[in-house]
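This report covers strand pairing, aromatic ring pairs and charges placed over rings.

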Amino acid sequence: MKTEIINQPYSREFKERIYDIESPWNSQSWTWIKFTDENMIETVGQFRGFPKEVKYSESQNEIIVLTSDHIFRLNASDLNLIETERQLNYQDLEVSPDGTFIFHNYYEIEKMNNSLSEMIEIESPFKMDDIRFKKWNGKNLEFECEEFTNWSRKELMELDTTEWKIKIKTPHNNV
């Protein structure tokens, strides 16, 4: 399954599905995701909220769509919703090589256990701020962050997804 955030398509350009959660707090923004399956069949999903990220976990056969309004968890086989959560804090999303979904807000990194309501915070060597996922090195996810309330300390960090530990990769303090 290939997933990608796209601009609003022309009407009837693709098979379309709308994923909307009724809430008085919803924004007027929408996200369009194009799903391409192994048979090259393309479907577009329209999701409530401004686009942030979409990831596919092959081992779990699931897709997570992260928007400014909600987190949508889908079954990749039929694109049906498994669950949703109102979303205000998560800024980005990754999927580990073993298929675990990883989220971050500004201050913490969490992995999804069995559901969106079962998030597990990954302990860090210091209180982080302004987390930014960068790239994968094997089973390690590199990210940058600052130390909370000490914004002159910027660090390159690494999340080991085998042991689920965060460590400082290379100290490079900017003073």
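## Charges over rings

A charge sits over a ring if NZ of Lys or CZ of Arg is within 6 Å of the ring centre and within 35 degrees of the ring normal. Lys127 lies over the face of Phe148, 5.9 Å from the ring centre. The charged end of Arg153 is placed over the ring of Phe126, at 4.0 Å from its centre.

## Basis

The model is predicted: local features need pLDDT of at least 70, side-chain atom pairs count only at pLDDT 80 or more, and totals for chains, interfaces and linings use all residues. Residues are numbered from 1 along each chain as its sequence is written, and side-chain values use heavy atoms, with hydrogens and water left out.

## Aromatic pairs

Rings of Phe, Tyr and Trp (its six-membered ring) pair if their centres lie within 6.5 Å; planes under 30 degrees apart count as stacked, over 60 as edge-to-face and the rest as tilted. By this rule there are seven aromatic pairs. Phe35 and Phe47 form an edge-to-face pair, with 6.3 Å between centres and 70° between planes. Phe35 is in strand β3 and Phe47 in strand β4, 12 residues apart; strands are DSSP runs (E, at least two residues) numbered from the N terminus. Both residues are buried (under 20% relative accessible area, 1.4 Å probe, protein chains only).

The rings of Phe47 and Phe72 have centres 5.0 Å apart and planes at 65°, so this pair is also edge-to-face. Ring pairs link Tyr19, Phe35, Phe47 and Phe72 into a cluster.

## Sheet

Four strands form an open sheet in the order β5-β6-β7-β8, with antiparallel pairing (at least two DSSP bridges between two strands). β5 and β8 are at the edges with a single partner strand each, so one side of each has no neighbour in the sheet. β5 and β6 pair over six bridges.

Conventions
Buried means under 20% relative accessible area, exposed over 50%, partly exposed in between (1.4 Å probe, protein chains only).
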